[in-house]
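Q: I would like to learn how to read a model feature by feature. Could we walk through one together?

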Amino acid sequence: GMLSAFTGQAVAYPLEALARRMQVSSKRVPMLQLARTVIKEEGIKSLYCGLLPASVKVLPMAAVSFGVYEVASNFINSLEGLPLLPGN
């Protein structure tokens with residue numbers, strides 16, 4: 001669960017970094033052109049700047065989400081065979 005959350009974060013993070021740059025820029029530049037410029041001038045590492053703090057937020061959230069899913073799933077499965085509505 002946490003590995004998939006981190007992988008998703010690592011894949012999407014450069015796009016989010018580019019989107020943030022586009023939002024604060026006064027120029028209208030296509031994303032691909034911006035990506036080329038950023039990588040050329042600052043290196044590819046600049047697209048991942050801030051990934052660690054973002055992951056610190058996402059990883060515990062994913063762990064809690066999967067944990068709650070498991071508990072809820074087990075609870076619902078324990079109700080099998082019980083009537084859904086009183087009186088049935």
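Q: Is Ile44 buried or exposed?
A: Start with the cut-offs: buried means under 20% relative accessible area, exposed over 50%, and partly exposed in between, with a 1.4 Å probe and protein chains only. Ile44 has 52% relative accessibility, so Ile44 counts as exposed. A word on the source: this is a predicted model, where local features need pLDDT of at least 70, side-chain atom pairs count only at pLDDT 80 or more, and totals for chains, interfaces and linings use all residues. Residues are numbered from 1 along each chain as its sequence is written, and side-chain values use heavy atoms, with hydrogens and water left out.

Q: Where is Ile44 found?
A: Elements come from DSSP runs, numbered from the N terminus: helices are H or I with at least four residues, strands are E with at least two. Ile44 is found in the loop between helix 2 and helix 3. In space, Ile44 and Pro14 are 9.0 Å apart, C-alpha to C-alpha, and 30 residues apart in sequence.

Q: How many helices and strands does the chain have?
A: The chain has three helices and zero strands. Along the sequence the pattern reads α-α-α.

Q: What is the radius of gyration of the chain?
A: This radius is taken over C-alpha atoms, and the globule rule is 2.2 Å times the number of residues to the power 0.38. The chain has 21 Å, whereas a compact globule of 88 residues would have a value near 12 Å. The C-alpha trace spans about 70 × 25 × 15 Å along its principal axes. Of the 88 residues, 20% count as buried.

Q: Why does Ser46 count as buried?
A: Ser46 has a relative accessible area of 16%, so Ser46 is buried. Its place is in the loop between helix 2 and helix 3.

Q: Which residues is Ser46 in contact with, leaving aside its neighbours within four places in sequence?
A: Contact means heavy atoms within 4.5 Å. On that basis Ser46 is in contact with Arg21 and Val38, its neighbours within four places in sequence left aside.

Q: Is Gln9 buried or exposed?
A: Gln9 counts as buried, at 13% relative accessibility. Gln9 is found in helix 1. Not counting residues up to four places away in sequence, Gln9 touches Leu51, Ala54, Ser55 and Val58.

Q: Which residues line the largest pocket?
A: Rolling a probe the size of a water molecule over the atoms shows where empty space is left. On a 1 Å grid over the protein atoms alone, a pocket is an open set of points where a 1.4 Å probe fits, with protein on both sides within 12 Å along at least five of seven lines; lining residues have an atom within 4 Å of a point. Here the lining includes Arg21, Met22, Gln33, Val38 and Glu42. Helix 1 (2-24) and helix 2 (31-42) are the elements that give two or more residues to this lining. Helix 2 supplies the largest share, six residues.
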